[in-house]
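Me: I want to learn how to read strands and sheets in a model. Can we go step by step?

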Amino acid sequence: MEKVGKKLAVLVGCNYENTPYRLHGCHNDVLAMRDVLVNRFGFDSQHIELLMDKSGSPIMPTGINIKKALNKMVDEAEQGDILYFHFSGHGTLTGKKNQEEAIISLDFNYITNVDIRKIVNRVPQGATFTILSDSCHSGGLIDKEKEQIGPSHHKPKNQEFEKNSNNYVSVPNKSESASKCYYSKSKFIPHETILEHLTSLTNINSSNIGTHMLQLFGNDASVMFSLPQLELDLLKPLKQDEGILLSGCQANEECQDVGGIENENQAYGAFSHAILLVLEKNCGPISYKELVMKSRYVLENDEHIKTQHPCLYCSDENAQALFLSQG
């Protein structure tokens, strides 16, 4: 039996309060996931770092703080450890050409798929690093990771999701939800909007977003903007790695922020909520592949969100492994 060591987590919920890009459910997502990690998966709350842009939060989810937390978690990791990173917030694509996926921190300092790849490459052999990104364009957020469920994945046969007590996940029907007032907002900020915002801060007349990122954040900007293309091409897994990505949508899709308008406590990220529903219904161990497929089923049957298809990127072995090694 493989040794199971420490369980470490970094949970980031960014609502972008007091900005035009305000979301409502991201804090709720990570707080709910923290409870599940502790009560179901045996994480010690002392080993869970929580970053939220909430009044009174000790650590704000800026780009440097998120990367610092992730690197600290990897630095502490040893063989057999279980690492988990949950991000709920905005995502984007880095530009019009050679588009790459990125999550958007509170200060708009991109954390790109290249940054995530660089962090994953440092995970010790025998440890696992699970990333759940409830953000737009999050498919492929671990650069060059193998697609298991994604754009090329065909819809499973109906018999794989028969409505039985073992795997069926119910969703609110129209009569149940008609009495509630819901909003649905995309968790996406267009590249051009961010470029305009950064330009107002740097006063540099350039359409190259990397120029603005380096001016504002220096060495704390994404390595995508500082490394030559040749080095970026070489930044890839030299062997089968232990990175596992559960993305809320495909790289060309948008995730949704959903919830009751009158009560923000009811707001949630559609993908985070779907994952939590599946885990609640399936009390026993569940594989990564099964978890993502069932979350797809939940979202396909939720009338309050637009189309988004969760994806799974990891090795063949990890696709069949149990989520967070529960067993």
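Me: Is strand E1 (residues 7–13) mostly covered or mostly uncovered?

Reply: This is a predicted model. Buried means under 20% relative accessible area. In E1, six of the seven residues are buried, and the strand is mostly covered.

Me: In which sense do E1 and strand E3 (residues 82–88) pair, and over how many bridges?

Reply: Pairing takes at least two bridges between two strands. E1 and E3 have seven, in the parallel sense.

Me: How many bridges join E1 to strand E2 (residues 48–52)?

Reply: Five, and the two strands run parallel. Here Leu11 faces Leu50 in E2, standing opposite.

Me: What unit do E1, helix H1 (residues 26–39) and E2 make?

Reply: A β-α-β unit, and a right-handed one.

Me: What is the strand order in the open sheet of three strands?

Reply: The order is E4-E5-E6, and the pairing is antiparallel. Strand E4 (91–93) and strand E6 (110–112) each have a single partner strand, so one side of each lacks a neighbour in the sheet. On average, neighbouring strands of this sheet are turned by 35 degrees against each other, direction ignored.

Me: How many bridges join strand E5 (residues 101–104) to E6?

Reply: Three, with the strands running antiparallel. Ile104 has Tyr110 in E6 as its bridge partner.

Me: Which helix packs on the sheet?

Reply: Helix H5 (residues 191–202), which touches E4, E5 and E6. The direction of H5 makes about 95 degrees with that of E4.

Definitions and conventions
Residues numbered from 1 in each chain as written. Predicted model: local features only at pLDDT ≥ 70, side-chain atom pairs only at ≥ 80, totals over all residues. Heavy atoms only, no water. Buried < 20%, exposed > 50% of the residue type's maximum accessible area, 1.4 Å probe, protein only. Helix = DSSP H or I, 4+ residues; strand = E, 2+ residues; numbered from the N terminus. Right-handed = clockwise from strand over helix to strand, strands pointing away. Axes fitted to C-alpha atoms, helices over the stretch in contact; angles between N-to-C directions. Contact = heavy atoms within 4.5 Å.
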